[in-house]
Amino acid sequence: MLRRFFTASATTRLNLLVDAISGPWERLHDGDCDPIFHHLDQPGPRIETIALFDVKLVPVAAPGFLSEPISGALTPEDMRPYVQCVIRDSSRHPSQANYYLIDGARTCSVPDQLMKREVIVQALAWGHLPAHLIEADLDAGRLLSLEGDHLRGATLPHYAIRRRDVAHGPAAERLWSQLRELDWH
């Protein structure tokens with residue numbers, strides 16, 4: 001969709017910024033970008049959204065990472081002795097969000113999902129990863145799902161998000177209009 005938009009809008013420059021956790025929201029609220037593509041942590045009347053797609057997160061580890069057998073009965077307490085890989089918040093003022101963080105567990109922080117996947121595949125830690133990113137790893141046995149009765153995955157709806165209270169230029173309005181017209185599901 002972006003390729004089609006920017007091919008038709010040859011004079012519009014594409015500047016993609018990659019941030020994590022509350023970083024995209026900070027950029028949006030500071031006026032540093034428009035729109036953001038993210039899950040909806042901060043709904044409110046100042047923003048408008050277009051639903052895009054869902055991302056399923058799965059708790060995973062490399063074979064042999066755990067000293068005990070993997071079963072659906074694993075609990076957060078069982079995982080406390082193991083290093084958990086988490087994504088660093090890229091904002092200047094990090095939020096208090098702690099996505100699936102096990103209290104008291106040692107952590108390894110990384111900047112993005114691709115580095116997180118690599119750390120987990122190399123058996124340095126365990127963590128939650130997007131299913132679409134690890135499908136081949138699960139099929140090949142490079143990663144094992146830890147999902148069960150107590151360790152849950154999640155599905156996060158993702159959106160295009162922009163502020164209602166600011167003026168949007170003609171290119172931004174065309175992009176928003178095209179996003180709205182697409183059938184994302």
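Predicted model: local features only at pLDDT ≥ 70, side-chain atom pairs only at ≥ 80, totals over all residues.

Residues are numbered from 1 along each chain as its sequence is written, and side-chain values use heavy atoms, with hydrogens and water left out.

Let me start with the cores. A nonpolar core here is a set of buried Ala, Val, Leu, Ile, Met, Phe, Trp, Tyr and Cys residues joined through side-chain atoms within 4.5 Å. Buried means under 20% relative accessible area, exposed means over 50%, and partly exposed is in between, with a 1.4 Å probe and protein chains only. The largest nonpolar core has 15 residues, and those with the most contacts inside it are Val 60, Cys 85, Ile 120, Leu 129, Ile 134 and Leu 143. At least two residues of this core come from each of β2 (47-61), β3 (84-87) and α4 (113-121). The largest share, 3 residues, is from α4. Helices (H or I, at least four residues) and strands (E, at least two) are DSSP runs, numbered from the N terminus.

Another core, of 11 residues, lies apart from that one, and Leu 74, Met 79, Ala 105 and Leu 151 are among its members. As background, nonpolar side chains tend to be buried together in soluble globular proteins.

What does Cys 85 touch, not counting residues up to four places away in sequence? Its partners are Cys 108, Val 110, Lys 116, Val 119, Ile 120, Ala 125, Trp 126 and Gly 127, where contact means heavy atoms within 4.5 Å.

Next, helix α4. Its buried residues include Lys 116 and Arg 117, along with Val 119, Ile 120 and Val 121. The cover over the buried residues of α4 includes β2, β3, β4 (107-110), β5 (127-130) and α5 (131-140). At the N-terminal end, Asp 112 caps α4, with a side-chain oxygen 3.2 Å from the backbone nitrogen of Leu 114. Ala 123 lies in the loop between α4 and β5, and its phi is near 65 degrees, a positive value in a residue other than glycine. Ala 123 counts as partly exposed because its relative accessibility is 34%.

Now helix α2 (residues 23-30). Gly 23, Pro 24, Trp 25, Glu 26 and Leu 28 are buried in it. Their cover includes β1 (36-39), β2 and β7 (154-163). Just after α2, Gly 31 has a positive phi of about 80 degrees.

On to the cavity. A cavity is a set of points, on a 1 Å grid over the protein atoms alone, where a 1.4 Å probe fits but cannot get out, and lining residues have an atom within 4 Å of a point. Grid points are joined across faces, edges and corners, and a volume is the space filled by probe spheres set on the points. The count is 1 cavity of 30 Å³ or more, and the largest cavity holds about 40 Å³ of space.

Which residues line the largest cavity? They are Asp 34, Pro 35, Arg 162, Ala 172, Leu 175, Trp 176 and Leu 179. Helix α6 (residues 170-181) gives the most to this lining, with 4 residues. By class, the lining has 5 nonpolar, no polar and 2 charged residues; Ala, Val, Leu, Ile, Met, Phe, Trp, Tyr, Cys and Pro count as nonpolar, Asp, Glu, Lys and Arg as charged, and the others, Gly among them, as polar.

Two of the lining residues, Asp 34 and Pro 35, are joined by a cis peptide bond, with omega near -5 degrees. Pro 35 is in the loop between α2 and β1.

Arg 162 sits in strand β7. Is Arg 162 buried or exposed? Arg 162 is buried, because its relative accessible area is 6%. Its side chain makes a polar contact with the side chain of Glu 173, at 3.4 Å. A polar contact is a pair of N or O atoms within 3.5 Å; within protein, one must be able to donate a hydrogen and the other to accept it, and residues adjacent in sequence count only if both atoms are side-chain atoms. Beyond four places in sequence, the contacts of Arg 162 include Leu 28, Asp 34, Pro 35 and Trp 176.

Last, Ile 21, in the loop between α1 (2-8) and α2. Its phi is near 60 degrees, also positive, and Ile 21 is buried, with a relative accessible area of 16%. Most residues other than glycine have a negative phi, and most peptide bonds are trans.

How values were computed. 1 Å grid on protein atoms, 1.4 Å probe; cavity = no way out; pocket = protein on both sides within 12 Å on 5 of 7 lines; lining within 4 Å.
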